[in-house]
Amino acid sequence: MERKLIAYLPYVVRKYDIFQAITIGEQPEFDMAWHNTDTIRNEQYLFTAEDIGLRRWERILGIQPKDTDTIAYRRDRILSRLNEKLPYTLKQLRKMLDALCGKAHYSIYLSEYTLFVSVSVIAKNRFADVVSLLERITPQNIFLDIQQQYNSWGAVRNAATWRQAQSGTWQELKEEVL
């Protein structure tokens, strides 16, 4: 927003050279003050925080960000940590995993005292966060079986030509998003 300091003076004094010179000289300082005020206001709220606010939330919640984490990913991780409420239901757990991995990028199944969770190849970068979340919130009498899904040969064969499949190793093909 363009705020000119001279616009805040009465009309009578705006025409004088001395007041114009004073406001021109002070304009950069006021621009910086207005910018800093806007930045501080934005850093107070999680949805508009960029750096200082996110670091503050991470320090409060005990989250260690990685150098490669984007601002959106850091914000999602903080939101998922804030949404952890005990006791939770399977529906609440699905909401947490939706926020962390995205819908349809994981599968979950509860059988007696075992919780099976499988994270798709698309969300493989968030696998460690899923493990951390489940270890933190799952009751101690529930056994966790958490797995990372990989591409099968059938999925690779349907998505790539033989020449494309030969261009990489099997390790690369099974972990690549097709």
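What follows is a conversation about reading the features of one predicted model.

Visitor: What should I know before I start reading?

Guide: This is a predicted model, so local features need pLDDT of at least 70, side-chain atom pairs count only at pLDDT 80 or more, and totals for chains, interfaces and linings use all residues. Residues are numbered from 1 along each chain as its sequence is written, and side-chain values use heavy atoms, with hydrogens and water left out.

Visitor: How many helices and strands does the protein chain have?

Guide: Helices (H or I, at least four residues) and strands (E, at least two) are DSSP runs, numbered from the N terminus. Here the protein chain has nine helices and three strands. Along the sequence they come as α-α-α-α-α-β-β-α-β-α-α-α.

Visitor: In which order do the three strands lie in the sheet?

Guide: In general, strands of a sheet pair through backbone hydrogen bonds, either parallel or antiparallel. For this count, two strands pair if DSSP finds at least two bridges between them. The open sheet here has the order S1-S2-S3, with mixed pairing. Strand S1 (106-111) and strand S3 (143-148) are at the edges with a single partner strand each, so one side of each lacks a neighbour in the sheet. From one strand to the next, the twist averages 10°. Angles run from 0 to 180 degrees between N-to-C directions, using axes that are lines fitted to C-alpha atoms, for helices over the stretch in contact.

Visitor: Which strands run parallel, and which pair in the antiparallel sense?

Guide: Strand S2 (residues 114-119) and S3 run parallel, joined by six bridges. S1 and S2 pair in the antiparallel sense, over six bridges. In the hairpin of S1 and S2, two residues sit between the strands, and Glu-112 takes a positive phi near 55°.

Visitor: Which helices pack on the sheet?

Guide: Look for contact, meaning heavy atoms within 4.5 Å. Helix H5 (residues 90-101) packs on the sheet and touches S1 and S2, its direction making about 160° with that of S1. Helix H6 (residues 127-137) also packs on the sheet, touching S2 and S3, and makes about 175° with the direction of S3.

Visitor: Is S2 mostly covered or mostly exposed?

Guide: Buried means under 20% relative accessible area, exposed over 50%, and partly exposed in between (1.4 Å probe, protein chains only). S2 is mostly covered, with five of its six residues buried. Take Thr-114, which lies in strand S2 and counts as buried at 19% relative accessibility. Leaving out residues up to four places away in sequence, Thr-114 touches Tyr-109, Ile-142, Phe-143 and Asp-145. In the protein chain, 28% of the 178 residues are buried.

Visitor: Which residues make the nonpolar surface patch?

Guide: Patches are made of residues with over 30% relative accessible area and no salt bridge; like charges are joined within 9 Å, and nonpolar side chains (Val, Leu, Ile, Met, Phe, Trp, Tyr) within 5 Å. Areas come from the Shrake-Rupley method with a 1.4 Å probe, and for residues only the protein chains shown count as cover. Val-12, Tyr-16, Ile-18, Phe-19 and Ile-22 make a patch of about 480 Å². Helix H2 (residues 17-43) gives the largest share, three residues. Ile-22 is found in helix H2 and is partly exposed at 39% relative accessible area.

Visitor: How many salt bridges does the structure hold?

Guide: Side chains of opposite charge can pair when their charged atoms come close. The cut-off is a side-chain nitrogen of Lys or Arg within 4 Å of a carboxyl oxygen of Asp or Glu. This structure holds five. One of them joins Asp-38 and Arg-41, with the closest N and O atoms 3.1 Å apart. Both residues lie in helix H2, three residues apart, about one turn of the helix. Asp-38 is partly exposed at 26%, and Arg-41 is partly exposed at 42%.

Visitor: Which parts does the pair of Glu-58 and Arg-74 tie together?

Guide: Glu-58 and Arg-74 meet in a salt bridge at 2.8 Å, N to O. Glu-58 lies in helix H3 (residues 52-61) and Arg-74 in helix H4 (residues 71-82), so the pair ties together parts 16 residues apart in sequence. Both Glu-58 and Arg-74 are buried.

Visitor: Which residues are linked in a network of salt bridges?

Guide: Asp-69, Arg-77 and Asp-129 are.
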